[in-house]
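This briefing describes selected local features of one protein model. It treats aromatic pairs, a pocket and a set of individual residues in turn.

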Amino acid sequence: MNIKYAKKPIPELQARGYLGHFPEFRDNPLQFLGNLNRECGDIAKFRMGPMYFYYVNHPDYIKHILITNRKNYHRDRKFLAEGIPILGRGLLTTDAEEWERLRRIAQPVFHANQMAKYASMISEVATNSLKRWEVSANKGQPLNIADEILRLTLDVVAPTLFGINVTDEWQSFINSVNIIQAEGAKRLVTPVTLPLWIPTRSNIKANIALRNIDNTVFGMIAKYRQQQKAQHNLMNALIQARDEETGDSLTDQEIRDQVVTLLTAGYETTASILAWLFLLLSQHPEVEQKLRYEIEIVLKNQSPTYEYISSMKYLRMVIQESLRLYPPIWIFARTPIQSDDLGDYEIPANTVVYISPLMVQRHPKFWQSPEDFKPERFEVTEPTHSELAYIPFGTGVRSCIGRNFAIMMMQFIVIKVLQTYRLHLVQNQHIKPQFDITLHSHNGIYMNLEKI
């Protein structure tokens, strides 16, 4: 006879009023989740409006959800409901067999042996784009490094993704991307939203932006199919990609959805971490000095190449530690299809379970001096932290498909910036995180530039 023992009740943070903890979660999620940890531990339950949500912050629970029993956990319904009308059915907005097929076709596009093809392009574009900073450097004017890095990253992404340089027409396209990103972020934190077909002012604006995006991307796809040239960019690679199991290729709609997903999830997240990285370097001159020394020893004032960056271990450690403290995707959610056991607790089916890389990567149980910026903690062959206590790109089969590309782009941009400028943080500015879909700085990060 099977005996099912009663599970422990999940610790709950009590709330009053109809909104529950929604205002706290919306206004300062870092403080709220920290309080949740202190009050309830590494698994907790809290209410926002009439709904209950769950939060896990232990590597064992994270491993169970994302790896061991991953097939029971899908993207949460709210994310899919808001994301599909905007992004389409790409890798971020699909599950099960549909996702597995898309991943299988797209995976070879991001293999390490493909990255070298984009390396020289990234280096050249970054060099040209950094010339814009000379005006501020010569005039001694502070620069909002967060905005400038976003623009620089976009300059790099345009040719590697589409094979084109940034033009006025491209800028119009990016303005449309920014509009739908903002609309998506707003919808994710709004409990009840109206469908896009209802003609509200914001919906009309979003639909115009979506039409502009579709016209541009479908036009590019048609042009590439007509030319049939072997160009080194991600869009052409997706057009040429085939499913190893079935031989199928992606349809135009699937390519559009993948490209929009890569763009919206790619350049902004990379820019986010780079802005925080340069802030951290300015606050820790000893780290910056050590990093500059490595760049000088390895490259000897030459432009970086794909062959050389793999030997720059300290650069990679600085990027890893920056990702630990400021992961661009600071929180995400999963929904269990069936109720599931997490240790001594039971998670009900069809609920929302939050996982926060930002919180687990600063967890004092799993990190020594978790608030300190110490790239050397990634120097050891056998890390002292738990594997699942570090998930800036997610983990398991659904980890970020563009991880290698993003890291390579970061490496090249950091090298080119440090070879060209010294960045000095403007004093007495209040820098704090803004918790959108990606982790931004609320009022920017202003720095003075010194040309080398």
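Helices here are DSSP runs of H or I with at least four residues, numbered from the N terminus. On that basis, Ala 96 is placed in helix α5, which comprises residues 96–106. The model is predicted.

**Aromatic pair of Tyr 118 and Phe 405**

- The ring centres of Tyr 118 and Phe 405 are 5.9 Å apart and their planes stand at 90°, so this pair is edge-to-face; the class requires an angle over 60 degrees.
- Tyr 118 belongs to helix α6 (residues 112–129) and Phe 405 to helix α17 (residues 403–420), so the pair ties together parts that are 287 residues apart in sequence.
- Tyr 118 counts as buried because its relative accessibility is 2%, and the limit for that class is under 20%.
- Phe 405 likewise counts as buried, at 9% relative accessibility.

**Aromatic pair of Trp 133 and Tyr 421**

- Trp 133 and Tyr 421 form a tilted aromatic pair, with 5.7 Å from centre to centre and 35° between the planes.
- Trp 133 is in the loop between α6 and α7 (134–139), while Tyr 421 is in strand β9 (residues 421–425), so this pair ties together parts that are 288 residues apart in sequence.
- Trp 133 and Tyr 421 are both buried.
- Tyr 421 also has a charged neighbour: Lys 451 lies over the face of its ring, at 5.8 Å from the ring centre.

**Further aromatic features**

- One aromatic cluster is formed by Phe 25, Phe 32, Phe 46, Phe 53 and Tyr 354.
- Lys 45 lies over the face of Tyr 52, and the distance to the ring centre is 4.6 Å.

**Second largest pocket**

- The second largest pocket holds about 380 Å³ of space.
- This pocket is lined by 19 residues, of which Asn 301, Leu 418, Gln 419, Thr 420 and Ile 452 are the closest to its centre.
- Helix α13 (285–299), helix α17 and strand β9 each supply at least two residues of the lining of the second largest pocket.
- The most is given by α13, which contributes five residues to the lining of the second largest pocket.
- By class, the lining of the second largest pocket consists of six nonpolar, seven polar and six charged residues.

**Buried charged residues**

- Glu 183 is in helix α9 (residues 168–188), and it counts as buried at 7% relative accessibility.
- The side chain of Glu 183 makes a polar contact of 2.8 Å with the side chain of Arg 187.
- Lys 416 is in helix α17 and counts as buried, with a relative accessibility of 6%.
- Lys 416 and Thr 160 are separated by 256 residues in sequence and by 17 Å in space, C-alpha to C-alpha.

- Ala 96 is not a glycine, yet it has a positive phi of about 55°.
- Ala 96 is partly exposed, with a relative accessible area of 35%; this class lies between the 20% and 50% limits.
- Ser 369 is not a glycine either, and its phi is positive at about 45°.
- Ser 369 is placed in the loop between α16 (357–360) and α17, and it counts as partly exposed at 34% relative accessibility.

**Partly exposed residues in helices**

- Thr 127 is placed in helix α6 and counts as partly exposed, at 30% relative accessibility.
- The side chain of Thr 127 reaches the backbone oxygen of Ser 123 at 2.9 Å.
- Thr 127 and Phe 412 are 285 residues apart in sequence, and 9.8 Å apart in space, C-alpha to C-alpha.
- Tyr 308 is in helix α14 (residues 306–309), where it counts as partly exposed at 44% relative accessibility.
- Tyr 308 and Val 298 are ten residues apart in sequence, with 7.3 Å between them in space, C-alpha to C-alpha.

Technical notes
Residues numbered from 1 in each chain as written. Predicted model: local features only at pLDDT ≥ 70, side-chain atom pairs only at ≥ 80, totals over all residues. Heavy atoms only, no water. Phe/Tyr/Trp six-rings, centres within 6.5 Å; stacked < 30°, edge-to-face > 60°. Buried < 20%, exposed > 50% of the residue type's maximum accessible area, 1.4 Å probe, protein only. Lys NZ or Arg CZ within 6 Å of the ring centre and 35° of its normal. 1 Å grid on protein atoms, 1.4 Å probe; cavity = no way out; pocket = protein on both sides within 12 Å on 5 of 7 lines; lining within 4 Å. Points joined across faces, edges and corners; volume = space filled by probe spheres on them. Nonpolar A, V, L, I, M, F, W, Y, C, P; charged D, E, K, R; others polar. Polar contact = N/O pair within 3.5 Å; in protein donor to acceptor, adjacent residues only side chain to side chain.
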